[in-house]
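Open the model in your viewer and get ready to select residues by number. We will go stop by stop.

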Amino acid sequence: MNIERLSISSMLNVADNVKQPHYALGTILPCIVHFGAGNFHRAHQAAYCDALLNQGETRWGITGVSLRSPGMRDNLAPQNYLYTLAILGEKETRFRVIGAIQNLLVGPENPQAVIDLLASEPTQLVTTTITEKGYYLKNGVIDPDSTDIANDLASLASPKTTYGYLAAGLIKRASRGDGPITVMCCDNMNAGGERLRDGVHMLLAKHSPDTVNWVKKNVAFSASMVDRVTPATDELLKSDVAKELGVRDAAPVATEPFTQWIIEDNFAGDRPPFDMVGALFVDDIAPFERVKLRFLNAGHSMLAALGYLAGDRFIHEALKRPIFARFTEQALKLNVMPVTAVPDGLIAEHYIAQVFARFRNGNLPYAALQVATDSSQKIQQRWFPSIDDALKQSGDTNYLAFAVATWVCFIHKALVRGDLNDPLIGEFISCSSTGASSDVLAFLTLAGANKFSFFSHMGFMASVHEYHDYINDMGVEQAIEHCFE
């Protein structure tokens with residue numbers, strides 16, 4: 001496409017109906033360091049920061065850090081780190097240029113630059129969107145035998161993990177006597193702040209025990225609950241953005257109108273006033289995390305597995321099948337809702353209805369395989385605690401048992417077709433059979449189910465095996481009809 005590229009100099013040529021930053025981009029102080037500057041961060045936290053800067057704040061710009069690929073840096077650097085946020089409602093699309101990201105560093109290229117930035121006095125907040133696998137958990141705890149964790153346990157000269165960079169940066173920050181700092185998890189991770197704290201403390205105990213006490217006094221590890229559907233960028237989005245803006249953007253982001261950010265009010269240093277732009281500070285993040293994981297994220301994972309087995313590419317296509325819509329809604333209302341406490345002021349039925357309305361937005365196609373990425377890690381938080389809670393209370397678990405069987409069938413089919421994107425893919429390949437019932441125990445063990453009570457509950461597991469056989473014999477739609485309709 002032979003048109004000018006988005007940048008500070010080309011902003012004058014951007015269409016008038018596109019919202020642009022109305023702050024001086026060169027005057028913003030980047031007090032936030034963010035690990036994982038992918039699409040979700042750019043549609044969510046960066047958009048909040050941009051809104052804050054548009055209100056006159058000048059301190060809350062972002063320096064992004066990539067732990068792997070230089071791709072995002074290479075796309076955004078020629079654009080002065082500007083990019084387009086396309087907000088796709090069912091009936092209307094709005095476009096907005098975001099300027100909150102000031103720079104992007106690639107850790108493997110210059111690890112010391114990242115460490116120095118974390119130790120720098122102006123840095124007040126470190127945030128993360130590194131996905132579940134970025135926390136290196138095995139059976140719910142950090143796996144010291146992981147190759148990357150082992151690297152950082154051996155040396156912090158060139159860290160491989162976020163934990164490693166944080167530990168190295170805090171060691172240097174403590175040695176210089178610089179001020180306090182907050183580290184905040186912005187992933188769909190239960191007790192994410194505690195996970196980050198545990199990883200940092202593990203590495204400090206090995207490399208700098210004296211720094212541990214300084215960290216306890218000067219560093220807050222906070223959690224937040226984030227919510228905004230953000231699919232992968234494709235060529236169609238790039239083309240649509242170019243037509244609308246009149247300039248070319250190499251890395252636009254599509255998202256939905258809905259956005260939510262619930263932040264644990266636990267800060268060691270300065271607290272960005274995100275409440276001025278729609279975020280909510282709360283004392284206890286856990287009830288909000290639980291609701292999102294058990295309703296929205298759990299429903300997303302169910303529809304991804306169901307849709308994939310039925311040949312649907314996108315989540316909204318799966319929801320067009322009435323039998324999938326009914327099944328997922330009943331699973332949430334009959335199995336999950338009775339065992340999930342919700343925060344005051346939130347009505348579970350209304351929240352579930354809102355979730356389904358968002359999922360049905362066909363103007364924002366969300367690929368089933370994207371939702372199902374790393375599913376062996378996700379279902380440990382999204383499904384398994386609800387199953388245990390329901391069994392403890394002698395509640396209904398039939399829909400959840402069927403969902404678990406569906407996931408086993410999904411893993412097998414995705415392996416056969418070469419579609420599986422999961423950190424345990426090698427282990428799944430090693431233990432996979434020909435789709436036989438033995439896959440149930442093997443696959444669930446890999447997903448950490450043996451650490452939950454339901455795994456040894458004879459009645460529940462018998463149902464999973466039975467539903468697995470029905471799905472294999474009849475197909476998923478016919479199996480649902482046979483078992484639930």
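Which residue lies over the face of F281? Select F281 and look at its ring face: R271 lies there, at 3.9 Å from the ring centre. Keep in mind that this is a predicted model.

Now select Y308 and K413. Here K413 lies over the ring face of Y308, and the distance to the ring centre is 5.3 Å.

**Stop two: ring pairs**

Aromatic rings can also meet each other. A pair of rings is described by how far apart the centres are and by the angle between the planes. This model has 19 aromatic pairs.

Select F295 and Y351. Their ring centres are 6.2 Å apart and their planes meet at 50°, so this pair is tilted. Colour the helices next. F295 belongs to helix 10 (residues 286-310) and Y351 to helix 13 (residues 348-359), so the pair ties together parts that are 56 residues apart in sequence. Buried or exposed, F295 and Y351? Both are buried.

Move on to F327 and F484. The centres of these rings lie 5.5 Å apart, with the planes at 70°, so the pair is edge-to-face. F327 sits in helix 12 (residues 322-336) and F484 in helix 21 (residues 476-484), so this pair ties together parts 157 residues apart in sequence. F327 and F484 are both buried.

**Stop three: helix 7**

Select residues 192-207. This is helix 7, with 16 residues. From its first C-alpha to its last it reaches 23 Å, close to the 22 Å expected at 1.5 Å a residue. Which residues of helix 7 are buried? They are G192, G193, L196, G199, V200, L203 and L204. Turn the view to look down the axis of helix 7: the buried residues fall within an arc of 135°, so they line one face of the helix. An α-helix has 3.6 residues a turn, so residues three or four places apart point the same way. Now find A205 and K206, which are exposed on the other side of helix 7.

**Last stop: cysteines**

How many disulfides are there? The count is zero. Select C31: its nearest cysteine sulfur belongs to C49, 10 Å away. For C49, the nearest cysteine sulfur is that of C186, at 9.3 Å. C31 has 1% relative accessibility, so it counts as buried. C49 has 2%, so C49 counts as buried too.

Key: Residues numbered from 1 in each chain as written. Predicted model: local features only at pLDDT ≥ 70, side-chain atom pairs only at ≥ 80, totals over all residues. Heavy atoms only, no water. Helix = DSSP H or I, 4+ residues; strand = E, 2+ residues; numbered from the N terminus. Expected span 1.5 Å × (residues − 1). Buried < 20%, exposed > 50% of the residue type's maximum accessible area, 1.4 Å probe, protein only. Arc of directions from axis to C-beta. Disulfide = S-S within 2.5 Å. Phe/Tyr/Trp six-rings, centres within 6.5 Å; stacked < 30°, edge-to-face > 60°. Lys NZ or Arg CZ within 6 Å of the ring centre and 35° of its normal.
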